[in-house]
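Trainee: I would like to learn how to read a model like this one. Can we go through it feature by feature?

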Amino acid sequence: QALETLCRTYWRPVYVYILREGVTPEEAKDLTQAYFQHLIASDIPAQADARKGKFRSFLLLTLKHFLTDEARRARKSRSIHSSFLLPLDTSETQTIAAEAWYTQTAPGTAFDRSWAHSLVYETRRKLEAECGSGDKHEFFLAARDYLPGGQCQRPYAELAEGLRMDLNVVKVRIHRLRERFGELLKEEIAQTVSTSAEVDEELRYLIDVLSQPDAGSLSLVS
């Protein structure tokens with residue numbers, strides 16, 4: 001389950017980095033699959049030592065080593081066996097969205113931006129799951145673009161009118177969603193660093209990455 005979560009959360013930054021190295025989208029998909037297969041087969045995630053730095057940096061370093069090794073092999077001899085395909089949503093919609101970053105930035109920057117978007121996306125997915133079904137879930141769907149990473153400029157009053165709710169109630173519920181989003185995001189980040197101080201440091205860095213004018217919006221990965 002942990003490895004599946006690892007693959008689902010971080011395939012986008014890996015794919016974006018590989019794509020920025022100058023290969024075709026199809027080659028990048030194959031290499032992304034091969035990289036995660038390599039991670040699992042070699043049990044590399046178990047070698048990560050939180051005391052030695054951020055998991056983001058560890059993953060990027062192992063990816064660079066993997067690509068260097070791949071370059072030494074004849075790529076045409078590499079095969080991806082369908083029975084061992086990992087749960088990566090490399091559908092056309094998802095990969096086109098991921099590709100939106102790579103032409104504008106250096107590989108490392110593209111990796112960090114996609115990493116940040118992936119963390120935000122995973123946080124929103126968990127928050128939606130917490131909202132369950134019924135009225136809470138309906139409110140989440142209506143208000144999710146007001147969460148960090150969203151681009152909604154719609155006044156709260158319009159949302160309240162559309163939901164037939166009191167404006168003050170809408171404001172309070174969005175505030176609570178944003179607070180819970182922040183807590184969940186910190187929990188996500190905490191899994192990739194070693195100390196609470198690094199959580200805040202990494203959070204500031206990711207906010208800075210996402211605040212760049214050409215960093216894209218969350219809709220690219222949702």
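Trainee: Of the contacts in the protein chain with a separation of 6 or more, what percentage comes from residues 24 or more positions apart?

Mentor: Contact means heavy atoms within 4.5 Å. Residues 24 or more positions apart account for 72% of those contacts. Before going on, note that this is a predicted model, where local features need pLDDT of at least 70, side-chain atom pairs count only at pLDDT 80 or more, and totals for chains, interfaces and linings use all residues. Residues are numbered from 1 along each chain as its sequence is written, and side-chain values use heavy atoms, with hydrogens and water left out.

Trainee: How many helices and strands does the protein chain have?

Mentor: Helices (H or I, at least four residues) and strands (E, at least two) are DSSP runs, numbered from the N terminus. Here there are nine helices and zero strands.

Trainee: What share of the protein chain counts as buried?

Mentor: Buried means under 20% relative accessible area, exposed over 50%, and partly exposed in between, with a 1.4 Å probe and protein chains only. By that rule, 40% of the 222 residues are buried.

Trainee: How many residues does the largest nonpolar core have?

Mentor: The general idea: in soluble globular proteins, nonpolar side chains tend to be buried together. A nonpolar core is a set of buried Ala, Val, Leu, Ile, Met, Phe, Trp, Tyr and Cys residues joined through side-chain atoms within 4.5 Å. The largest one here has 48 residues, and L59 and L63 have the most contacts inside it. Elements giving two or more residues include α1 (2–20), α3 (55–72) and α5 (107–130). The largest share, nine residues, comes from α1.

Trainee: Which residues is L59 in contact with, leaving aside its neighbours within four places in sequence?

Mentor: Y10, V14, Y35, L39, F111 and W115. Three of those names, Y10, F111 and W115, come back in an aromatic cluster, together with Y17, F55 and F58.

Trainee: How many aromatic pairs are there?

Mentor: A pair of aromatic rings is described by the distance of the centres and the angle of the planes. Rings of Phe, Tyr and Trp (its six-membered ring) pair if their centres lie within 6.5 Å; planes under 30 degrees apart count as stacked, over 60 as edge-to-face and the rest as tilted. The count comes to ten. Take Y10 and F55: 6.1 Å centre to centre, 50° between the planes, a tilted pair. Y10 lies in helix α1 and F55 in helix α3, so the pair ties together parts 45 residues apart in sequence. Y10 is buried at 6% relative accessibility, and F55 is buried at 14%.

Trainee: What are the centre distance and plane angle for Y17 and F111?

Mentor: The centres are 6.3 Å apart and the planes stand at 90°, so this pair is edge-to-face. Y17 sits in helix α1 and F111 in helix α5, 94 residues apart. Y17 is buried, at 7%. F111 is buried too, at 0%.

Trainee: Which residues does T9 touch, not counting those up to four places away in sequence?

Mentor: S118 and E122. T9 lies in helix α1 and is buried, with a relative accessible area of 3%.

Trainee: At what angle do α6 and α8 pack?

Mentor: Axes are lines fitted to C-alpha atoms, for helices over the stretch in contact, and angles run from 0 to 180 degrees between N-to-C directions. Helix α6 (residues 135–143) and helix α8 (residues 167–190) pack at about 85°, axes 11 Å apart. Angles under 35 degrees count as roughly parallel, over 145 as roughly antiparallel, 65 to 115 as roughly perpendicular and the rest as oblique. The two helices are therefore roughly perpendicular.

Trainee: Which residues meet there?

Mentor: D135, K136, F139, F140 and A143 in α6 meet V170, R173, I174 and L177 in α8.

Trainee: Where does R164 lie, and is R164 buried or exposed?

Mentor: Most residues other than glycine have a negative phi. R164 has a positive phi of about 60° although it is not a glycine. R164 lies in the loop between α7 and α8. R164 is exposed, with a relative accessible area of 80%.
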